[in-house]
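Come along as I look things up.

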Amino acid sequence: DQDARQAGVFVPFLGRPASTTPTPATLALRAGAPLIALCCLPRENGRYRIIYGPVIEATGTGDRAADVTRLTAACTQVLEQWVRRYPQYWLWMHRRWKTVPPEEA
């Protein structure tokens with residue numbers, strides 16, 4: 001959920017293209033391992049409820065850049081769903097859309 005600046009890939013987040021780190025997607029493709037998103041929600045007793053998201057299969061098509069962007073978008077979509085469902089737990093302390101896509105610069 002951080003602006004990845006020029007090192008990121010642009011994927012939709014809350015209705016706008018956001019520079020997002022490609023690292024989870026890149027590692028998953030290299031390892032041939034799926035991505036599993038999770039969300040931790042605080043409980044009243046000081047513990048956390050962990051919600052496991054969908055398994056995102058890291059299948060490659062041979063187009064590495066497109067695969068990384070597709071997987072990054074899938075992960076970001078899960079994050080967005082959780083932010084919309086539990087907005088009270090999303091703390092945002094930076095300019096998420098500071099980096100603009102090259103076509104908008």
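Is Trp92 buried, partly exposed or exposed? I looked up its relative accessibility and found 39%, so Trp92 counts as partly exposed. A reminder to myself before going on: this is a predicted model.

**Entry 1**

I stayed with the aromatic side chains and counted 4 aromatic pairs. One of them joins Phe13 and Trp90 edge-to-face, with 5.8 Å from centre to centre and 85° between the planes. I then checked where the two partners sit: Phe13 belongs to strand β1 and Trp90 to the segment after α2, so this pair links distant parts of the chain, 77 residues apart.

How do the rings of Trp90 and Trp92 lie? Their centres are 5.3 Å apart and their planes meet at 15°; planes under 30 degrees apart count as stacked, so I noted this pair as stacked.

Phe13 has 0% relative accessibility and so counts as buried. Trp90 is partly exposed, with a relative accessible area of 23%.

**Entry 2: the overall layout**

Next I stepped back to the whole chain. I found 2 helices and 4 strands, and read from the N terminus they run β-β-α-β-β-α. The C-alpha trace spans about 45 × 35 × 20 Å along its principal axes.

Of the 105 residues, 33% are buried. The chain exposes about 7,200 Å², and carbon and sulfur atoms supply 54% of that area. I looked at contacts too: of those between residues at least 6 apart in sequence, 55% join residues at least 24 apart. For charges I have 13 positive and 9 negative, with mean positions 7 Å apart.

**Entry 3: the core**

Which residues have the most contacts inside the largest nonpolar core? I wrote down Ile51, Leu71 and Trp82, in a core of 17 residues. At least two residues of this core come from each of β1 (9-13), α1 (23-31), β3 (35-42), β4 (48-56) and α2 (64-85).

Leaving out residues up to four places away in sequence, Leu71 touches Ala25, Leu29, Leu35, Ile56, Glu57 and Ala58.

**Entry 4: Arg47**

Then I moved to the loop between β3 and β4, where Arg47 is found. Its relative accessible area is 59%; the cut-off for exposed is over 50%, so Arg47 is exposed. Setting aside neighbours within four places in sequence, I found Arg47 in contact with Leu41 and Pro42.

How far is Arg47 from Arg95 in space? From C-alpha to C-alpha I have 30 Å, for two residues that are 48 apart in sequence.

**Entry 5: positive phi angles**

Last, I looked up two backbone angles. Arg5, in the segment before β1, has a positive phi of about 55° although it is not a glycine. Leu14 also has a positive phi, near 55°, and is a residue other than glycine. I placed Leu14 in the loop between β1 and β2 (16-20), and its 23% relative accessibility makes it partly exposed.

Key
Residues numbered from 1 in each chain as written. Predicted model: local features only at pLDDT ≥ 70, side-chain atom pairs only at ≥ 80, totals over all residues. Heavy atoms only, no water. Buried < 20%, exposed > 50% of the residue type's maximum accessible area, 1.4 Å probe, protein only. Contact = heavy atoms within 4.5 Å. Areas by Shrake-Rupley, 256 points an atom, 1.4 Å probe, with all protein chains shown as cover. Lys, Arg positive; Asp, Glu negative; His and termini not counted. Charge placed at Lys NZ, Arg CZ, Asp CG, Glu CD. Core = buried A, V, L, I, M, F, W, Y, C linked by side-chain atoms within 4.5 Å. Phe/Tyr/Trp six-rings, centres within 6.5 Å; stacked < 30°, edge-to-face > 60°.
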